[in-house]
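Please walk through this structure with the model open beside the text.

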Amino acid sequence: MSEIVGTKMVEDGKTARQIFEEVMANPSRKKFGFGEKLAIVNVDPQQAYTRLDMFKTSYETDPRQIEYINTISRLAREKGMPVIWSRVAYMEDGSDCGVWGTRTDTEDSLQNIKYGSPRHEFDPRCEIDPGDLTYTKRMPSAFFETQLASYLTFHKVDTVVVTGGSTSGCVRATAVDALSHGYRTIVPIETCADKHESFHFANLTDLLIKYADVEPVQTVIDWLEAR
């Protein structure tokens, strides 16, 4: 029998949080790092997902999430760097949600986030400047069939900072697409949220290992303040 040089799936009973913390603590962990100019891409901080007092579909990980998003967005603006806010909504019949909207059809279902509805509205805590780019998307990634890639090209951005929710859904999809488009990609930990810590930390770990630099939000703050 030949020697095994690959990896059989590990089953060690560790939690997703434990694995994330171990990977983060590895001193030899390689990073993509920051480039010369970043953009802050705030993915879907809309009431359907942030207002615990209003909607069953909402969730919270760090209660200061939106405060941190506002901080790095403000600093980016002050340095002349773009700030982008995406959100999701669909036609009255939900048909533009495609196959994604076919599994359920309740008032809480994804395809029933209608244009102009309270679920579509950005969380009022978000400090959105008139000069920021805002748009509505249909699918998980903030890049998919949107103007984002061309907007970043025009602004000569080489680094994308991804915030918002969910960590396991639209944040992950956006971060993977950012890397695929050739951007250095940063995901600030405290600016992301999900419904369960296993989803949150498992996806942060996967992003960290493969697609992005997953960093404390202070790392982004420090970089922006030093520009």
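What follows is a short tour of a predicted model.

Start with strand 3, residues 133-137. Its side chains alternate. Leu133, Tyr135 and Lys137 point to one face, and these three are buried. Strand 3 has a partner in strand 2, residues 83-88. The two pair in the parallel sense, over five bridges. Within this pairing, Ser86 stands opposite Tyr135 of strand 3.

Is Ser141 buried or exposed? Its relative accessible area is 6%. That is under the 20% limit, so Ser141 counts as buried. The side chain of Ser141 reaches the backbone nitrogen of Phe143 at 3.0 Å. Beyond its neighbours within four places in sequence, Ser141 is in contact with Ala173, Thr174 and Asp177.

Glu145 lies in the loop between strand 3 and helix 4. Its relative accessible area is 61%, so Glu145 is exposed. Its backbone deserves a look. Phi of Glu145 is positive, near 55 degrees, and the residue is not a glycine. Most residues other than glycine have a negative phi.

Next come the aromatic rings. A ring pair is described by the distance of the centres and the angle of the planes. The count of aromatic pairs comes to five. One of them joins Phe34 and Trp223. Their ring centres are 4.8 Å apart and their planes meet at 10 degrees, so this pair is stacked. The cut-off for stacking is under 30 degrees. Where do the two partners sit in the chain? Phe34 is in the loop between helix 1 (16-24) and strand 1 (38-43), whereas Trp223 belongs to helix 7, residues 217-225. The pair thus links distant parts of the chain, 189 residues apart. Trp223 has a relative accessible area of 14%, so it is buried.

Trp85 and Phe122 form another aromatic pair. This one is edge-to-face, with 6.3 Å from centre to centre and 70 degrees between the planes. Trp85 lies in strand 2, while Phe122 lies in the loop between strand 2 and strand 3, so the pair ties together parts 37 residues apart in sequence. Both Trp85 and Phe122 are buried.

Glu121 is also placed in the loop between strand 2 and strand 3. With 36% relative accessibility, Glu121 counts as partly exposed. Leaving out neighbours within four places in sequence, its contacts are Gln46, Gln47, Arg87 and Gly116. Arg77 is 44 residues from Glu121 along the chain, and their C-alpha atoms are separated by 22 Å.

Turn to the helices. Two packed helices are described by the angle between their axes and the distance between the axes. Take helix 5 (residues 167-180) and helix 6 (residues 197-211). Their axes come within 10 Å and cross at roughly 5 degrees. That angle is under 35 degrees, so helix 5 is roughly parallel to helix 6. Which residues of helix 5 meet helix 6? They are Thr167, Ser168, Arg172, Ala175, Val176 and Leu179. On the helix 6 side, the residues they meet include Phe199, Leu204, Leu207 and Tyr211.

The backbone on either side of helix 5 is worth a stop. Ser166 is found in the loop between strand 4 and helix 5. The peptide bond from Gly165 to Ser166 is cis, with omega near -10 degrees. Most peptide bonds are trans. After helix 5 comes Gly182, whose phi is positive, near 95 degrees.

End at Lys156, in the loop between helix 4 and strand 4. Lys156 has a relative accessible area of 67%, so it is exposed. Its phi is positive, about 55 degrees, although it is not a glycine. Lys156 and Ala39 are 117 residues apart in sequence, while their C-alpha atoms are 9.6 Å apart in space.

Key
Residues are numbered from 1 along each chain as its sequence is written. This is a predicted model: local features need pLDDT of at least 70, side-chain atom pairs count only at pLDDT 80 or more; totals for chains, interfaces and linings use all residues. Side-chain values use heavy atoms; hydrogens and water are left out. Buried means under 20% relative accessible area, exposed over 50%, partly exposed in between (1.4 Å probe, protein chains only). Helices (H or I, at least four residues) and strands (E, at least two) are DSSP runs, numbered from the N terminus. Two strands pair if DSSP finds at least two bridges between them. A polar contact is a pair of N or O atoms within 3.5 Å; within protein, one must be able to donate a hydrogen and the other to accept it, and residues adjacent in sequence count only if both atoms are side-chain atoms. Contact means heavy atoms within 4.5 Å. Rings of Phe, Tyr and Trp (its six-membered ring) pair if their centres lie within 6.5 Å; planes under 30 degrees apart count as stacked, over 60 as edge-to-face and the rest as tilted. Axes are lines fitted to C-alpha atoms, for helices over the stretch in contact, and angles run from 0 to 180 degrees between N-to-C directions. Angles under 35 degrees count as roughly parallel, over 145 as roughly antiparallel, 65 to 115 as roughly perpendicular and the rest as oblique.
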